[in-house]
Each structure stands twice: as C-alpha cells, then as structure tokens.
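Let's work through a few exercises together. Have a look at the chain first, then try each task before you read its solution.

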Amino acid sequence: MAGGNSVTGGRTSVRVVVAGDRLTGKSSLIAAAATETYPENVPPVLPPTRLPTDYFPDRIPITIVDTSPALENRGKLIEELKKADVVLLTYSCDQPLTLTRLRTFWLEELRRLEVKAPVIVVGCKLDLRDEAEPVTLEEVMGPIMHQFREIETCIECSAVTLMQVPDVFFYAQKAVLNPTAPLFDHENQALKPRCERALKRIFHLCDHDMDGALNDLELNNFQVKCFNAPLQPAEIVGVRSVVQEKKNGGVNELGLTLEGFIYLHSLFIDRGRIETTWSVLRTYGYNDELKLRDDLLPVPNKHAPDQSIELTVEAVEFLRGIFRLFDIDNRGALQPAEIDELFSTAPENPWLEAPYKDAAETTTEGNLTLKGFLSSWDLMTHLDPKGSLSNLIYVGYSGNPDSALRVTRRRKVNRKKQQTERNVFHCAVFGAKKAGKSALLHSFLERSFSASQSLPMGEQYAANIVNQHGGNKKTLVMHEVPEDEVKIFMANKESLAACDVAVFVYDCSNEFSWKRSCEMLMETARQGEETGHLLPCLLIAAKDDLDSYPMAVRDSLAVCQELGIEAPIPVSSRTGEMNNAFCRILEAAERPHVNIPETESCRKQKYFRHLVSHSLLFMSVGAAFTVAGLAAFRAYSARKNSSN
C-alpha cells in the first residue's frame with residue numbers, strides 16, 4: 001500500500017523565505033541551489049530566485065526569497081516572513097552561537113509575529129565543522145524541536161561541496177505540499193483527531209459491503225483509486241502481516257479493520273512517507289485543513305439578500321434515515337454519544353458550540369428528538385449552507401450534492417403574490433434587557449422556566465418545527481438580538497432582508513421595557529420602508545403573570561392600531577401560558593403582505609403618491625375630453641363648410 005501520487009493540494013507555487021543571522025550562509029545556499037555550483041562572489045542579499053520547474057518531479061515552481069537581518073531592513077523581513085509558505089532558518093555549523101541565537105531569538109520571533117508557515121532548520125557550512133567535537137544532528141536539534149513543534153525537519157548542508165543542498169529545498173517543498181502539522185501530533189506521537197476522522201470516513205467509503213473490514217478486493221480498489229496501481233497478492237499479505245504483528249485488532253478474518261487502516265497511516269508518517277497519507281486524503285477531496293475542498297461543495301447562490309437556502313426534500317429524507325440508523329435504542333431521541341458518533345467522520349461535531357449548542361428541542365434527559373435533529377440541520381443550513389452541505393457529505397449523503405440544497409423565492413415576490421413556498425422562517429427577536437426574550441426562546445424549545453434560568457443569556461438561536469392547522473409542519477428559527485447589539489444589527493442595511501418576521505418583546509409590568517421595544521419597532525419599520533425590506537412585525541407582552549403597569553394595554557393597542565399590526569400577544573413563560581404565540585408568529589411569516597407596520601411618514605408619502613396619481617388621472621381625462629372636443633368641433637366645421 002504505497003505510491004507517489006502527485007496530487008499537490010491545488011498549489012501552483014511554493015514561496016521559500018530564508019532567514020537567519022549574518023554570515024550563516026543564506027545567500028551561498030540559495031546560489032548553490034540555483035546554479036548547482038559553489039559561487040565565489042555572492043552579494044549580501046540575493047534578489048528573489050526561482051528554481052527551474054523541473055527541479056523536483058512535482059514540477060511546482062519554487063521561489064526563494066533571501067532576507068537581511070539588519071535593523072534597517074526589519075520591516076521588509078517581517079513582510080516576507082508573513083508571506084512565506086515555508087521558512088528556512090539557518091545557522092552556521094562552525095559557529096555555535098548562531099545555533100543559540102536560533103533558539104533564543106529567531107524561533108521566538110516567528111511565534112511573536114504569529115507566522116503560521118512550517119519551519120525548516122538548516123545548518124550551513126557543514127564542511128567547516130570542527131571534527132574534534134563529534135556531535136549528531138539529533139543531539140543538537142532534539143531539545144530545540146521538542147520546544148518548538150512548528151519545526152518540520154532539520155538538515156545540515158554545505159554550499160561548497162553541494163552536500164544535501166537540493167535536499168534542503170526538497171524538504172522545504174515537501175513541508176508545504178505535504179505538511180506534517182495537520183496530520184500528526186509529535187508531542188503525543190499520534191495522528192491528530194481530525195486526521196483520524198477523515199481516515200475513518202474514507203475507510204467507510206471503501207467498505208462497500210459494510211462489514212467493518214476491507215477485504216482483498218476492497219483494499220485493491222482503494223489502492224487503484226489513490227495510486228493508480230493495483231496491489232499484488234504478496235503485497236496484500238505483507239500489509240496484513242505488518243498490521244497483525246504491530247496492532248492488536250488491526251486485522252480480523254474479514255480483512256483490514258478501521259484500527260488497522262489508521263495504524264498503517266501512522267506507520268507511513270513515522271517512516272517519513274507522509275506524502276502517501278496526503279495522496280489518500282486529497283484523492284477523497286480533502287484540503288490542507290482536512291476539510292472537503294470548496295469545489296466539491298456546490299452551494300447555490302442567492303441572487304438577492306431576501307432569498308434563503310433550505311434543504312431539499314431528498315436531503316431531509318436522508319436525515320430521517322440517518323436519525324433512525326443512529327437511534328440504536330429506538331427511543332426516538334439521540335443521546336450525546338450517538339450524535340458524537342454520527343459526526344465522527346466529520347472534522348468535528350458542529351453542534352457543540354454556538355450558535356447550535358442548546359438551540360434545539362431535547363428530552364428532559366438532554367437527548368435530541370427527531371424534531372430537534374431536523375430543526376438543527378435547518379438552522380445550520382440557514383446560517384451556513386456550505387457547512388451544512390459538507391456535514392451532510394461527511395455523515396454519508398451520497399446523492400448529487402446539487403440536489404441537497406435549494407434557493408427560495410425572494411420575499412419581495414412572496415409579498416406581491418401574498419404567499420410563500422418557504423419551509424424555514426427566520427424570526428428576529430428584539431426587546432430591552434430582561435424583557436423576557438431568552439425565556440421566550442426557551443419556551444419555544446419546550447424547556448421549563450426553571451431549567452431555562454441556568455442557560456447563558458445574550459445572542460442565541462432557537463429552532464423548532466411548528467405544527468400548523470391541517471398537519472403542515474414548518475421550521476421556525478428564532479434569533480435573539482441583545483439590546484446592546486441592536487444598533488450594530490440595524491447598521492447593516494441588509495440585516496432585515498434575512499428575516500421573515502420580527503417580534504418585539506416587552507415586560508408588560510415595566511414601562512421602560514415597553515417604551516424601549518416600541519422604539520425598536522419604529523426603527524425596524526423605518527428601516528424596512530427605507531430599504532424596501534418590509535417585514536411583518538408582532539408585539540409580545542411577556543411576563544403576563546405580573547401586574548401590568550398603568551395604561552399598558554391602552555398604549556400598546558393604540559400603537560398597534562396606529563401602525564396597522566395585530567394587538568400584542570400576552571405570554572407568560574413562568575406559567576407556560578403562551579397563547580399560541582409561536583403558531584401566530586409563523587402565520588405572520590407565512591403571510592408576508594400583512595402585519596407590516598406603516599409609519600406616519602410612509603402614510604404621508606402614500607397619500608402624496610395617491611394625490612399625484614389622482615391628479616395625473618384627472619389631467620389625462622381632461623386632456624382626453626379636450627382632444628375629443630377639438631375633434632368634434634373640426635368635424636362640425638368641415639360639414640358646415642361643405643354644405644355652404
């Protein structure tokens with residue numbers, strides 16, 4: 001199981017930046033590599049040097065940038081280090097102080113500058129080393145490499161004798177095209193979790209009969225796909241023998257197990273054949289971050305900000321099947337461990353962090369229901385379509401990626417047609433601090449009031465499936481916008497375009513809370529009128545179990561009547577009296593032409609337009625009568641003249 005696949009992760013060039021103290025041999029090293037001879041007279045700093053395209057079999061152009069450590073050139077040095085694909089740090093084999101400086105200054109400086117490129121340490125002037133003090137490279141560099149894990153490899157060379165000069169740039173190119181850092185943890189001497197997860201997915205894709213092992217045919221098909229060369233029977237026996245000897249459980253009577261497959265790749269890396277593992281990963285579409293390449297994720301484009309992206313029926317049916325597959329105990333809910341297993345072939349479990357953590361319905365034991373599972377996918381698709389599509393593929397979606405997502409019709413068109421075809425609706429939740437916004441979201445997820453008190457406050461999402469009259473089911477995504485972030489939200493003129501409905505929550509026992517929500521409602525109405533992103537709006541009178549402040553009902557009804565929207569919906573998360581609020585919010589979103597607040601300024605503009613159009617109509621009718629009168633007069637005059 002080996003090969004030399006030339007897949008290079010999409011790279012078309014490699015930029016090598018050489019840095020180090022004065023007189024450590026930087027320029028001589030570059031000149032020797034470019035000319036394949038030892039140059040007698042080398043300038044202090046060479047201009048950018050390009051190695052021939054055929055210098056290495058991959059035929060990837062290599063540009064080498066020389067640098068000066070002088071203080072007056074520091075700005076240029078920093079600029080080049082930050083643009084580097086790989087950094088070569090040099091020391092002089094006959095000057096121990098330069099090696100000390102490498103550890104105490106140069107490597108620390110790269111960390112301070114947050115240079116992310118891999119590092120190759122190069123000992124130059126090997127021909128000048130004092131042979132009276134024999135020391136191995138491993139003895140010299142071992143402690144330094146242990147301290148600075150970003151060092152990819154170390155090598156010593158001589159520009160005078162050309163010893164290992166080409167190897168320096170071979171390792172530099174290899175560090176870029178086949179980096180170790182994403183795959184292997186040197187400190188723990190093990191594959192990194194994301195690498196193991198990618199290999200696990202590849203193993204499952206190759207295990208066509210799904211028996212948990214790769215038989216000879218499956219192993220051979222894998223070899224041909226990745227390296228375009230079949231395995232000979234003796235080679236298959238050899239692979240199994242090596243794994244069986246070194247890894248308990250790596251081989252069984254059916255073939256190579258997942259444990260054995262992963263062990264093999266650890267062995268390749270340990271033996272310096274990391275390009276073999278990278279060839280496998282790139283054949284299956286992975287980039288240097290061990291995520292699927294963008295060209296494999298055909299996310300449809302939204303042509304307007306008031307469009308959204310949803311899962312198709314085909315994708316939803318696949319997810320229903322996946323839920324049943326991982327619901328091992330058939331209780332209708334996935335335990336956290338089962339969700340972790342579901343995403344074990346993805347780079348990570350995307351639902352462990354905001355905005356997806358605690359954003360869907362769970363059982364009292366914390367298990368994810370089918371409604372919660374599907375609405376979590378709807379939320380992820382709504383907020384991050386590319387992430388949703390990639391995770392669909394990671395967990396086993398084998399259909400055409402083009403058939404997994406769809407773009408909805410513009411909300412502006414829905415408003416004109418007075419209907420919508422959307423299945424997922426976005427609701428922005430505004431209100432003053434402590435108005436009851438978070439409690440509303442937790443009630444939406446059917447969490448008890450006491451349980452919701454322990455969850456974090458601030459910006460958060462809640463997604464759930466709402467059952468409608470007639471059996472229809474739609475997903476509602478509620479997005480709480482904290483009071484101190486409303487200005488930032490509104491500063492983006494397209495912010496309302498992503499929403500289907502907005503609700504304004506106020507504490508009905510607090511006058512300030514009411515006035516603040518009313519201000520936000522008016523600001524939303526004005527912005528909608530200015531941008532054309534008109535939005536249905538509803539008021540939510542929260543904490544209805546408390547005594548209302550004087551004139552609360554009268555004031556709120558007056559505002560609603562003035563703006564032309566529904567009366568406030570009274571709710572109490574504490575008592576569970578929600579007054580069918582979520583169905584009413586969804587109904588408002590599904591009827592995008594009603595409940596749109598209309599300000600006095602907008603009414604005046606409409607009245608003015610009405611007057612103008614009326615006047616134009618009157619003028620056009622008058623002009624028609626005038627034209628008709630003139631025509632009649634001319635006809636009468638013509639008849640009179642003819643009779644005379």
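This is a predicted model: local features need pLDDT of at least 70, side-chain atom pairs count only at pLDDT 80 or more; totals for chains, interfaces and linings use all residues.

**Exercise 1: positive phi**

Task: work out where leucine 23 and lysine 543 lie, and whether each is buried, exposed or partly exposed.

Solution. Step one: leucine 23 is not a glycine, yet its phi is positive, about 65 degrees. Its place is the loop between strand S1 (14–20) and helix H1 (26–35). For the surface question you need the cut-offs: buried means under 20% relative accessible area, exposed over 50%, and partly exposed in between (1.4 Å probe, protein chains only). Leucine 23 has 62%, so leucine 23 is exposed.

Step two: lysine 543 isn't a glycine either, and has a positive phi of about 60 degrees. You'll find lysine 543 in the loop between S20 and helix H20 (552–563). Its relative accessible area is 26%, so lysine 543 counts as partly exposed.

**Exercise 2: aromatic pairs**

Task: how are the rings of phenylalanine 203 and phenylalanine 261 arranged, and what about phenylalanine 430 and phenylalanine 489?

Solution. A pair of aromatic rings is described by the distance of the centres and the angle of the planes. Rings of Phe, Tyr and Trp (its six-membered ring) pair if their centres lie within 6.5 Å; planes under 30 degrees apart count as stacked, over 60 as edge-to-face and the rest as tilted. Searching the whole structure gives 17 aromatic pairs.

Take phenylalanine 203 and phenylalanine 261: the centres are 5.7 Å apart and the planes meet at 55 degrees, so this pair is tilted. Phenylalanine 203 belongs to helix H6 (residues 193–206) and phenylalanine 261 to helix H9 (residues 258–270), so the pair ties together parts 58 residues apart in sequence. Phenylalanine 203 is buried at 1% relative accessibility, and phenylalanine 261 is buried at 0%.

Next come phenylalanine 430 and phenylalanine 489: with centres 5.5 Å apart and planes at 75 degrees, the pair is edge-to-face. Phenylalanine 430 sits in strand S16 (residues 424–431) and phenylalanine 489 in helix H18 (residues 486–491), so parts 59 residues apart in sequence are tied together. Both phenylalanine 430 and phenylalanine 489 are buried.

**Exercise 3: a mixed sheet**

Task: in what order do the six strands of the open sheet come, and which strands stand at the edges?

Solution. Strands of a sheet pair through backbone hydrogen bonds, either parallel or antiparallel. Two strands pair if DSSP finds at least two bridges between them. The order is S17-S18-S16-S19-S20-S21, with mixed pairing. S17 and strand S21 (569–570) are the edges, each with a single partner strand, so one side of each has no neighbour in the sheet.

Now go pair by pair. Strand S17 (residues 460–467) and S18 are antiparallel, over eight bridges, and alanine 463 stands opposite valine 477 in S18. Their hairpin has five residues between the strands, and glycine 470 there takes a positive phi near 90 degrees. S16 and S18 are parallel, over six bridges, with cysteine 427 opposite methionine 478 in S18. Strand S20 (residues 537–542) and S21 pair in the parallel sense over two bridges, and isoleucine 540 has isoleucine 569 in S21 as its bridge partner.

Finally, check the cover: strand S18 (residues 473–480) is mostly covered, with seven of its eight residues buried.

Technical notes. Residues are numbered from 1 along each chain as its sequence is written. Side-chain values use heavy atoms; hydrogens and water are left out. Helices (H or I, at least four residues) and strands (E, at least two) are DSSP runs, numbered from the N terminus.
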